[in-house]
Amino acid sequence: MSAVKTILYVEDNPDNRSLIRRVLEAEGYAVIEAPSAKSALGTLAQGSPDLILMDINMPDMDGYTLTAQIRAMPAHTHVPIVAVTANVMRGDREKSLEAGCDGYIQKPIDIDELPLQIERFMRNTND
């Protein structure tokens, strides 16, 4: 059996963090929550998760900026970063990808679809 995959979820909304943690832990993932960019950077100083879910709209630093900072860290260049956002206007997906995200999940999150999306991002990085 393979090791448990760890997901870092960067999200300032505690209700969103709780929901996503419950859904992903039920699928067998370990979830580390980071309520702010500063918290996320502290967590990343301790090691690399297998995947990062990145809220784009946060009060201390937006997800685009944080993604660019993470991409500049040699230890984390291989970690897939998936934008999670309610920004669904034309160009928002592209802006996420340009910032260094590997993918994009739209809010509100479909909890039935989320595990399949996560599995797809994990598989794409293991090829």
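## Overall build

Of the 127 residues in this protein, 42% count as buried. Please keep in mind as you look around that the model is predicted.

The radius of gyration is 13 Å, which agrees with the value near 14 Å that a compact globule of 127 residues would have. Taken along the principal axes, the box filled by the C-alpha atoms is roughly 40 × 30 × 30 Å.

## Order of the elements

In total, the secondary structure comes to five helices and five strands.

## Where H2 meets H3

Two packed helices are described by the angle between their axes and by the distance between the axes. Here, helix H2 covers residues 37-46 and helix H3 covers residues 63-71; the two pack at an angle of about 20°, and their axes are 11 Å apart. Because angles under 35 degrees count as roughly parallel, H2 is roughly parallel to H3. The crossing of the two helices is right-handed.

Which residues make the contact between H2 and H3? From H2 come Ala37, Ala40, Leu41 and Leu44, while H3 supplies Leu66, Gln69 and Ile70. Sorted by class, this contact of H2 with H3 has six nonpolar residues, one polar residue and no charged ones.

Note on methods
Residues numbered from 1 in each chain as written. Predicted model: local features only at pLDDT ≥ 70, side-chain atom pairs only at ≥ 80, totals over all residues. Heavy atoms only, no water. Axes fitted to C-alpha atoms, helices over the stretch in contact; angles between N-to-C directions. Helix = DSSP H or I, 4+ residues; strand = E, 2+ residues; numbered from the N terminus. Parallel < 35°, antiparallel > 145°, perpendicular 65-115°, else oblique. Left-handed = near helix turned anticlockwise from the far one by under 90°. Contact = heavy atoms within 4.5 Å. Nonpolar A, V, L, I, M, F, W, Y, C, P; charged D, E, K, R; others polar. Rg over C-alpha atoms; globule rule 2.2 N^0.38 Å. Buried < 20%, exposed > 50% of the residue type's maximum accessible area, 1.4 Å probe, protein only.
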